[in-house]
Amino acid sequence: MVYLIKIDLHLHSNFSDGTLSPRELVHKAKKFGVSILSLTDHDTVSGVRDFMRECAKAGLSCIPGVELSADAPFELHILGYRIQIDKIDEHLKTVRDHRKERNMAMCEKLQGMGIHISMEELEEEAGGDVIARPHIARLMVKKGYVPDERTAFAWYLRRGGEAYVERKRFSPLECIKIIREAGGLPVLAHPVLMGLDEKREIELVEQLVDEGLWGIECFAACQTWEQMNKWSQIADRYGLYKTAGSDFHDGLRPGRKLGMGVPADLLPWSRLGARL
C-alpha cells in the first residue's frame with residue numbers, strides 16, 4: 001500500500017508576487033492538510049524566516065527556498081531548496097536592483113501612453129522586496145486603465161507588449177551555481193511552461209545536469225497527468241529527483257489549490273532538512 005502525504009514545495013507570498021503573507025500561507029496550508037512546505041518567492045528570501053517560524057508553531061515541516069528567473073528566450077525558472085539564507089541574499093540583491101531599474105522603465109513607458117502609475121504607488125501595492133509585473137497589472141485595474149489583469153498583460157506587460165521592458169537575469173548556469181554556493185539543491189521549475197520541443201527540452205536538461213541540477217518539478221499544478229508522467233520519465237533517465245508544487249500565488253491565480261498528494265518516499269526528506 002502506497003502511503004500518501006500532502007506537500008507543496010512551490011509557494012509565493014506577498015514578499016514577491018503572491019497576495020498572502022508568509023503567516024497566512026502557513027495557516028492556509030495547515031487548513032488544507034499540507035505537511036511539508038517551501039516558500040519560494042521570486043528573487044528574495046526576506047519572508048523565509050517568518051515562514052519557518054510560523055511552520056514550527058503550526059507543527060509543519062519547512063524547507064527554505066527561492067525561485068530564480070533565468071536568462072533565456074523562453075520561461076525558465078530554477079528553484080533552490082535547503083538554501084542558506086544569508087549566503088544567497090547578496091546575489092539576490094543584484095537581481096532586485098535590476099528589477100527596480102526595469103520597473104522604472106516600464107512606468108515611464110506607461111506614463112508616455114497616459115497611464116499614470118508611479119514607483120511609489122507600486123511599492124505600496126507590492127508591500128514587499130520584489131515589485132513584479134503582476135503588481136503593475138493590479139494597479140492598472142485599480143486605477144481603471146484596464147478591466148482586468150489579463151488585459152493588462154495582453155496589451156501592455158507581456159513580452160512584446162507596448163510597455164514591456166526586458167530585464168537582466170542570471171544565466172541558467174549562474175542560477176544553479178548561486179544556489180549550489182548557498183548550500184542549496186537546484187530544481188527545474190514547471191518545465192511545461194518552457195514551451196520547447198522535445199529535442200530542445202532534452203538538450204537543456206542535459207546541459208543543466210552537467211552543471212549540477214538536482215531535480216525537476218515533475219508534479220506541477222499547471223501540468224497535465226500526461227506531462228507529469230513524461231517529466232517523471234525524463235527525471236528517472238538522468239537520475240534526478242522529482243519534486244511537487246502548486247506555484248500558489250492566491251489572488252494572482254484564483255482557483256489554483258494549495259498542496260499536492262505524493263508518495264511519502266518521493267524525496268530524501270532528511271537531505272532537504274525536512275521531516276515526515
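User: In which sense do β4 and strand β5 pair, and over how many bridges?

Analyst: This is a predicted model. Strand β5 covers residues 77-81. β4 and β5 pair in the antiparallel sense, over 5 bridges.

User: What is the strand order of the open sheet, and which are its edge strands?

Analyst: The open sheet has 5 strands with mixed pairing, in the order β4-β5-β6-β7-β8. Its neighbouring strands are turned against each other by 35° on average, direction ignored. An edge strand pairs on one side only, and this applies to β4 (65-69) and β8 (241-245).

User: How many bridges join β5 to β6, and which residue in β6 is the bridge partner of Ile-78?

Analyst: Strands of a sheet pair through backbone hydrogen bonds, either parallel or antiparallel. β5 and β6 run antiparallel and are joined by 4 bridges. In β6, the partner of Ile-78 is Leu-188.

User: Are the residues on the two faces of β5 buried or exposed?

Analyst: In a regular strand the side chains alternate between the two faces of the sheet. In β5, one side holds His-77, Leu-79 and Tyr-81, and the other holds Ile-78 and Gly-80. The count for β5 is 5 of 5 residues under the 20% relative accessible area cut-off. Both faces are covered, and the residues on them are all buried.

User: Which strands does helix α9 lie across, and at about what angle does it run to β7?

Analyst: Helix α9 spans residues 225-237. It lies across β6 (185-188), β7 (215-220) and β8. Relative to β7, α9 runs at about 160°.

User: How are α3 and α5 oriented to each other, and what is the handedness of their crossing?

Analyst: The axes of helix α3 (residues 85-112) and helix α5 (residues 133-142) come within 11 Å and cross at roughly 30°. Angles under 35 degrees count as roughly parallel, so α3 and α5 are roughly parallel to each other. The crossing of α3 and α5 is right-handed.

User: Which residues of α3 and α5 meet, and how does this contact divide into nonpolar, polar and charged residues?

Analyst: From α3 come Arg-102, Asn-103, Met-106 and Leu-110. They meet Arg-133, Ile-136 and Met-140 in α5. The residues of this contact divide into 4 nonpolar, 1 polar and 2 charged.

How values were computed:
Residues numbered from 1 in each chain as written. Predicted model: local features only at pLDDT ≥ 70, side-chain atom pairs only at ≥ 80, totals over all residues. Heavy atoms only, no water. Pairing = 2+ DSSP bridges. Axes fitted to C-alpha atoms, helices over the stretch in contact; angles between N-to-C directions. Contact = heavy atoms within 4.5 Å. Parallel < 35°, antiparallel > 145°, perpendicular 65-115°, else oblique. Left-handed = near helix turned anticlockwise from the far one by under 90°. Nonpolar A, V, L, I, M, F, W, Y, C, P; charged D, E, K, R; others polar. Buried < 20%, exposed > 50% of the residue type's maximum accessible area, 1.4 Å probe, protein only.
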